[in-house]
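Here are my notes on the model you sent. I have kept them to fold, packing and surface.

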Amino acid sequence: MTRARWAALGMAVLLALYLVLITFYAVRLVTDPLPIVRGIGWALIVLPLLGAWALVVELRFGIRAERLARLLEQEGGIPGVSAGERDAPDAEGDSREAAFARYSEEVREQPDSWQSWFRLGLAYDASRDRARARWAVRTAIKLERQARQARQARQSPADPPPHESPSS
């Protein structure tokens, strides 16, 4: 497991622990006779639910993005941007801008290609534009899912003919 995975797993476990503990505390507050304390208890019940939802959404995004990265790597379509190039202040800035221009043009030419969108997301990430990187990767995830469903629909056998009963 990579360091990023361990960090994400650690944060997820800590958040889950926090959500469990705050939920137990919230249940105790809800049973208090004072209305203001009960109100705080109900708020503390809603907030962990929102936190749990956010945790699930982020973990699903990470798993799906990682899956697409593996698929793209198997296809040989991952651009060669090393960690050192990402961390270089401006030495690689021009090459990052050129890569971004190339991948944004690729998306304009092939707007239904999840591979193009994923590479654009990597280019945004290399430019430290995390919001747009996530947007592009989310688009890639959506397009890949649509392509996979279309492939499955084509591969599934046609509806079998209705069963004919023998004539008497």
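**Notes on the predicted model**

1. Contacts and overall fold. The model is predicted. Of the contacts in the chain with a separation of 6 or more, 54% are between residues 24 or more positions apart. The chain has 6 helices and 0 strands, and along the sequence the pattern reads α-α-α-α-α-α.

2. Burial and surface. Of the 168 residues in the chain, 27% are buried.

3. Main core. The largest nonpolar core contains 19 residues. Those with the most contacts inside this core are L68, W114, W117, F118, L120, V137 and A140. Two or more residues come from each of α2 (35-75), α4 (93-109), α5 (114-126) and α6 (130-155).

4. Second core. A separate core of 5 residues includes I22, L29, V37 and L44.

5. W117. Leaving aside residues up to four places away in sequence, W117 touches V107, P111, W135, A136, T139, A140 and L143.

6. Helix α1. The 28 residues of α1 should span 40 Å at 1.5 Å a residue, and the end C-alpha atoms are 40 Å apart, so the two values agree. Buried in α1 are A12, L19, I22, A26, L29 and V30. The cover over these buried residues includes α2.

7. Nonpolar surface patch. W6, L9 and V13 together form a nonpolar patch on the surface, with about 310 Å² of accessible area. V13 lies in α1 (residues 3-30).

Notes:
Residues numbered from 1 in each chain as written. Predicted model: local features only at pLDDT ≥ 70, side-chain atom pairs only at ≥ 80, totals over all residues. Heavy atoms only, no water. Patch = residues over 30% accessible without salt bridge, like charges linked within 9 Å, V, L, I, M, F, W, Y side chains within 5 Å. Areas by Shrake-Rupley, 256 points an atom, 1.4 Å probe, with all protein chains shown as cover. Salt bridge = Lys/Arg side-chain N within 4 Å of Asp/Glu carboxyl O. Helix = DSSP H or I, 4+ residues; strand = E, 2+ residues; numbered from the N terminus. Core = buried A, V, L, I, M, F, W, Y, C linked by side-chain atoms within 4.5 Å. Buried < 20%, exposed > 50% of the residue type's maximum accessible area, 1.4 Å probe, protein only. Contact = heavy atoms within 4.5 Å. Expected span 1.5 Å × (residues − 1).
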